[in-house]
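Here is a briefing on one protein chain. Have the coordinates open while you read.

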Amino acid sequence: MWVVIITAVTMVVEIVFGLTTKSMALLADGIHMGSHVLAIGLSWIAYIIVRKVTTRGTFQGDSGKILSLSGFSSAFMLLIFAFVILGGAIQRLFHHPVIQYGDAILVAIIGLAVNIVCAFLLHDHDHTDHNLKAAYIHVLADALTSVTAIVGLTAAMIWNIPWLDALGAIISSFVILRWSVGLLKDSGKVLLDLK
């Protein structure tokens, strides 16, 4: 619950500042954080559902599959958002607006700090829980987009190369694509009872 609330507030701040500062990397980070609000919210709801069905005793199925389904859905959302970020970043390679670097870097640093706090809140060693793993990967992926935004914006500001901001978003999207495909495979195997 706390991760959902913290992430939602940070998402609004990053999207607003991404639009006002004209930073694609920061906007990508905010949009990506929006996917986290949906995905981590879905994970939270999945735990509530599992808790209710197991305490009532009326559910005869495998409650672990509910968590794997939530993880699969989260991974799919992450995949879609990665493609959205990639498309926007590629457009920005050819059309560079004037970026307000100082504000964008500051907000990206705040976003990174929030992601580090959320990662500690979600960290668990149960690797069989695809729901928790999905939430954790979402936070790690968002931390990555914050880091690439900070590096891309700083380099673009220092060397006056605005397309480095978009390049940071492109790099993030490829890493996120890889993570989401891995999670789709792992959770899909559980859902299909594959070894």
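Asp193 and Lys65 form a salt bridge through their side chains, at 2.9 Å from N to O. Asp193 sits in the segment after helix H6 (163-191) and Lys65 in helix H3 (residues 63-94), so the pair ties together parts that are 128 residues apart in sequence. The model is predicted.

**Salt bridge**

- A search of the whole structure turns up one salt bridge.
- Which of the accessibility classes does Asp193 fall into? Asp193 counts as exposed, at 58% relative accessibility.
- Lys65 counts as partly exposed, at 22% relative accessibility.
- Buried means under 20% relative accessible area, so Lys65, at 22%, is classed as partly exposed.

**Nonpolar surface patch**

- A nonpolar patch lies on the surface, with about 1,000 Å² of accessible area together.
- Its members are Met1, Trp2, Ile5, Val9, Val12, Val13, Val16, Phe17, Trp44, Val117 and Leu121.
- Two helices, H1 (2-21) and H4 (101-122), each supply at least two residues of the patch.
- Which helix gives the most to the patch? H1 does, with seven residues.
- Val117, one of the patch residues, lies in helix H4.
- Val117 has a relative accessible area of 45% and is partly exposed.
- Patch residues need over 30% relative accessible area, so Val117, at 45%, clears that cut-off.

**Fold and secondary structure**

- The chain has six helices and zero strands.
- Read from the N terminus, the order of elements is α-α-α-α-α-α.
- Among contacts with a separation of 6 or more, 81% join residues 24 or more positions apart.

**Dimensions**

- The C-alpha trace spans about 60 × 30 × 25 Å along its principal axes.
- How does the radius of gyration of the chain, 18 Å, stand against a compact globule? A compact globule of 195 residues would have a radius of gyration near 16 Å, and the value for the chain agrees with this.

**Burial and surface**

- Of the 195 residues, 47% count as buried.
- The chain exposes about 9,900 Å².
- The nonpolar patch, including Trp2, Phe17 and Trp44, has about 1,000 Å² of accessible area.

Technical notes: Residues are numbered from 1 along each chain as its sequence is written. This is a predicted model: local features need pLDDT of at least 70, side-chain atom pairs count only at pLDDT 80 or more; totals for chains, interfaces and linings use all residues. Side-chain values use heavy atoms; hydrogens and water are left out. Patches are made of residues with over 30% relative accessible area and no salt bridge: like charges are joined within 9 Å, nonpolar side chains (Val, Leu, Ile, Met, Phe, Trp, Tyr) within 5 Å. Accessible areas come from the Shrake-Rupley method with a 1.4 Å probe; for residues, only the protein chains shown count as cover. A salt bridge is a side-chain nitrogen of Lys or Arg within 4 Å of a carboxyl oxygen of Asp or Glu. Helices (H or I, at least four residues) and strands (E, at least two) are DSSP runs, numbered from the N terminus. Buried means under 20% relative accessible area, exposed over 50%, partly exposed in between (1.4 Å probe, protein chains only). The radius of gyration is taken over C-alpha atoms; the globule rule is 2.2 Å times the number of residues to the power 0.38. Contact means heavy atoms within 4.5 Å.
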